[in-house]
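User: I am new to this structure and would like to go through it by question and answer. Please show it to me.

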There are 2 protein chains.
Amino acid sequence: MPKQLPVVAMDACCSPLAREPLSEDQAVELSKLFKAMADPVRLRLLSLIASHAGGEACVCDLTDAFDLTGPTISHHLKVLRESGLITGERRGTWVYYRVHPEVLARLSAVLVPGDAPVPA
Amino acid sequence: MPKQLPVVAMDACCSPLAREPLSEDQAVELSKLFKAMADPVRLRLLSLIASHAGGEACVCDLTDAFDLTGPTISHHLKVLRESGLITGERRGTWVYYRVHPEVLARLSAVLVPGDAPVPA
């Protein structure tokens with residue numbers, strides 16, 4: 001069974017930064033996602049999973065790209081999973097990971113630079 | 001004179017995560033930007049600046065939104081500035097901040113979820 005993900009309160013989040021200021025709650029939720037991505041290994045893991053054939057990758061597909069131990073890779077995957085950026089599903093011997101495309105899409109939309117309002 | 005920004009090696013960075021894996025160097029550069037955004041106060045500052053009338057905001061426009069001391073706000077603005085996300089220019093009494101829209105645009109583009117390649 002896929003492990004249940006913590007609910008990330010991103011449903012109504014957020015207008016682009018350049019359109020209106022974030023609320024405190026929105027900023028707290030977004031900062032958790034950016035914190036999960038504030039590490040080069042986790043960013044590479046995220047990109048390896050997101051770009052893997054079929055949109056999912058097994059731990060066995062990921063470890064060769066790094067000069068790191070299995071437990072270290074597992075720790076980073078756990079951080080990504082707990083943030084809600086990826087999901088993991090055990091099938092047989094391996095856990096298969098996928099990104100949550102809707103979470104990436106929301107982050108992408110929040111960062112779109114826009115025309116700031118013109119002074120009145 | 002505007003303070004010279006550290007060069008952020010984002011010129012050639014990056015294809016969307018979902019299209020191809022990040023290189024180690026790309027992941028290091030991107031992680032610095034996400035680290036700067038991995039804090040709720042900094043995210044709110046970034047959104048207040050980006051959405052402010054005329055696309056720029058003075059420290060005097062920012063402090064009222066927070067229950068924080070001036071030096072704490074200044075520290076967070078310094079982190080944002082050193083990351084390359086914003087620029088600050090002193091004019092008279094105040095420093096005026098703007099976001100670098102091209103940096104936001106690149107981050108937004110990196111996170112666009114795409115169709116992962118189909119297995120061969």
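User: Which residues in H5(A) do Leu30(A), Leu33(A) and Phe34(A) in H1(A) meet?

Analyst: This is a predicted model, in which local features need pLDDT of at least 70, side-chain atom pairs count only at pLDDT 80 or more, and totals for chains, interfaces and linings use all residues. Residues are numbered from 1 along each chain as its sequence is written, chains are lettered from A and ligands numbered from 1 in the order in which they are written, and side-chain values use heavy atoms, with hydrogens and water left out. Helices are DSSP runs (H or I, at least four residues), numbered from the N terminus. With contact meaning heavy atoms within 4.5 Å, the three H1(A) residues meet Val103(A), Leu107(A), Val110(A) and Leu111(A).

User: How is H1(A) oriented to H5(A)?

Analyst: Their axes, lines fitted to C-alpha atoms over the stretch in contact, with angles from 0 to 180 degrees between N-to-C directions, come within 12 Å and cross at roughly 110 degrees. Angles of 65 to 115 degrees count as roughly perpendicular. Therefore H1(A) and H5(A) are roughly perpendicular.

User: Is Met37(A) buried or exposed?

Analyst: Met37(A) sits in the loop between helix H1 (24-36) and helix H2 (40-50) of chain A. Beyond its neighbours within four places in sequence, its contacts include Leu85(A), Leu107(A) and Phe34(B). Buried means under 20% relative accessible area, exposed over 50%, partly exposed in between (1.4 Å probe, protein chains only). Because its relative accessibility is 0%, Met37(A) is buried.

Conventions:
Helices (H or I, at least four residues) and strands (E, at least two) are DSSP runs, numbered from the N terminus. Angles under 35 degrees count as roughly parallel, over 145 as roughly antiparallel, 65 to 115 as roughly perpendicular and the rest as oblique.
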